[in-house]
Amino acid sequence: MEHGPSGGSTAMRRRSGVRGGARMECLEHDILCIIFSFLDVFDLVRCTAVCKSWNAVIRKSELLQVLYFKLRRDSGESTSSGQRKSMEFGLQEVAMKYHRLCLQRGRIDIHRWKAHSVGVDQCRMKMGLLLTGVGDKVMRLWSLDSYKCEEEYYIPDTASLVDFDFDESKIVGLLGSRVGIWTRNGKRSIFPSREGTFSKGLCVRYIDPDAVIGCEDGTARVFDMYSRTCSRIIKMHAGPVTCLALSDDELILSGSSLGSVSISDLASDQRVARLRSTDSAGIRTLCFNPCSHLVFAGTTVGYTYCWDLRTMKSLWETRISSNVLYSLSYLRSDNSTLAVGGIDGVLRVLNQNTGEVLSRCLIADERPISSTRNMHAFIEKKKGIRLPEDAEVDRIPRTCRPPITCLSVGMKKVVTAHNSKYIRMWKFNM
């Protein structure tokens, strides 16, 4: 038998080390279980997404199951075996309900930080990251937890950024009549190299591998990001394409300055349908909810519209402002709320199914209630308020309602851009 200098067995020490490691892992597991047991079901669901080890601890301990079935019992619902199989769906429903309640009734805390040296008017939020730009010669990718700028993507001096989209591996930018790709490691390429390949682009949306460009001549041009060629040209409107939305089943939805929404099949290049608004105002913003098959649009005169893509019929229309609506968005998997922003600076929350305005939010005071500096950014903190139904927006100072040029919705939060150096995050909590 092999012995070390002290005469003990090396093999025994190795086994002891393994057992010690196992005991430590068991101890860490027990400590985490104790900590997790103090959380509610919503926070526990969020913890499952932090890392694989936390996910495994929570799943193994069955804390989620216990809390979920307790919620069902408290609400008077049974917990049959069939319902146990749908726990994941049920937890998602709980999270979406909490998100809806927070947006509709929760207290509002607004965090503002300086994101650029000049004004920018676009933002996109995905996977807990925020991409900001358009107006500056750089796009910046932010962590919404720490407000840290994770990466920067520079625009060529000879080009101006018009619009952008991104996923986990790349950023796609529209540079007038060219397309730019920035990989997450910082490498940049611009194409096509030939001038005049397509007319002036106004908007872009990207679902791997295709980037779709909405153009001034009424066409949608589809670019393959791997071959870096224009694979299709689809005539969408007689006038400029002002906004785009893409579906997972290869549909292109486009809004026009002439007041209509066209739907085309990406695979066959054929127009499927045209959705018309009751007024002739231009469509300024557009989004599509694949869970409910509903299409939402905002116009230049303050109307919001909703159509059901399955029937191609209008469900509702509501005029929520007398001015242009720049942006509308919803949280993926949420079929209940829609956030809308525009030139009047009021952040509105609408019912997706009826168009009813559930809440109107704005900044309570132009002065910050507190300021903090972490290692990444200087954060000004303000309170938000909800306007009563009879409040006249035009009487409220513009300093409390800077124009919302773009917004993006996350869980219990909305991020807004204002064509300024600053980005705001609206946090909603019960």
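Because the model is predicted, local features need pLDDT of at least 70 and side-chain atom pairs count only at pLDDT 80 or more, while totals for chains, interfaces and linings use all residues. Residues are numbered from 1 along each chain as its sequence is written, and side-chain values use heavy atoms, with hydrogens and water left out.

Let's start with an open sheet of 4 strands, ordered β18-β19-β20-β21 with antiparallel pairing. At its edges stand β18 (283-289) and β21 (313-319); each has a single partner strand, so one side of each is left without a neighbour in the sheet. From one strand to the next, the twist averages 15°. Strands here are DSSP runs of E with at least two residues, helices are runs of H or I with at least four, and both are numbered from the N terminus. Two strands count as paired if DSSP finds at least two bridges between them.

Over in β19 (residues 294-299) you'll find threonine 299. Its relative accessibility is 0%, so threonine 299 counts as buried; the cut-offs are under 20% relative accessible area for buried, over 50% for exposed, and partly exposed in between, using a 1.4 Å probe and protein chains only. Setting aside neighbours within four places in sequence, threonine 299 is in contact with residues including Ile283, Arg284, Tyr305 and Val324, where contact means heavy atoms within 4.5 Å.

Now for a hairpin. Strands β8 (residues 178-183) and β9 pair in the antiparallel sense over 4 bridges, with isoleucine 181 standing opposite serine 189 in β9. There are 4 residues between the two strands, and glycine 186 in the turn has a positive phi of about 100°.

Follow the chain past β9 and you reach serine 199, in the loop between β9 and β10 (201-207). Serine 199 is partly exposed, with a relative accessible area of 25%. What does serine 199 touch, not counting residues up to four places away in sequence? The answer is Gly176, Ser177, Cys215, Glu216 and Asp217. Serine 199 and aspartate 217 are 18 residues apart in sequence, with their C-alpha atoms 6.7 Å apart in space.

(A salt bridge is a side-chain nitrogen of Lys or Arg within 4 Å of a carboxyl oxygen of Asp or Glu.) Aspartate 217 is partly exposed at 28% relative accessible area, whereas arginine 221 is buried at 10%. A search of the whole structure finds 15 salt bridges. In another of these, arginine 124 meets aspartate 163 at 2.6 Å, N to O. That pair links distant parts of the chain, 39 residues apart: arginine 124 is in β2 (residues 122-126) and aspartate 163 in β6 (residues 163-166). Arginine 124 and aspartate 163 are both buried.

Lysine 413, in strand β29 (residues 413-417), is buried yet has no salt bridge, and the nearest side chain of opposite charge, aspartate 145, is 6.0 Å away. For charge, Lys and Arg count as positive and Asp and Glu as negative; His and the chain ends are not counted. Beyond the residues up to four places away in sequence, lysine 413 touches Met125, Leu144, Ser408, Met425, Trp426 and Phe428.

Trp426 and Phe428 turn up again in the largest nonpolar core: of its 19 residues, they and Leu347, Leu407 and Val414 touch the most other members. Elements giving two or more residues to this core include β1 (107-114), β24 (347-351) and β30 (422-429), and the largest share, 4 residues, comes from α6. A nonpolar core here is a set of buried Ala, Val, Leu, Ile, Met, Phe, Trp, Tyr and Cys residues joined through side-chain atoms within 4.5 Å.

Terms used: Axes are lines fitted to C-alpha atoms, for helices over the stretch in contact, and angles run from 0 to 180 degrees between N-to-C directions.
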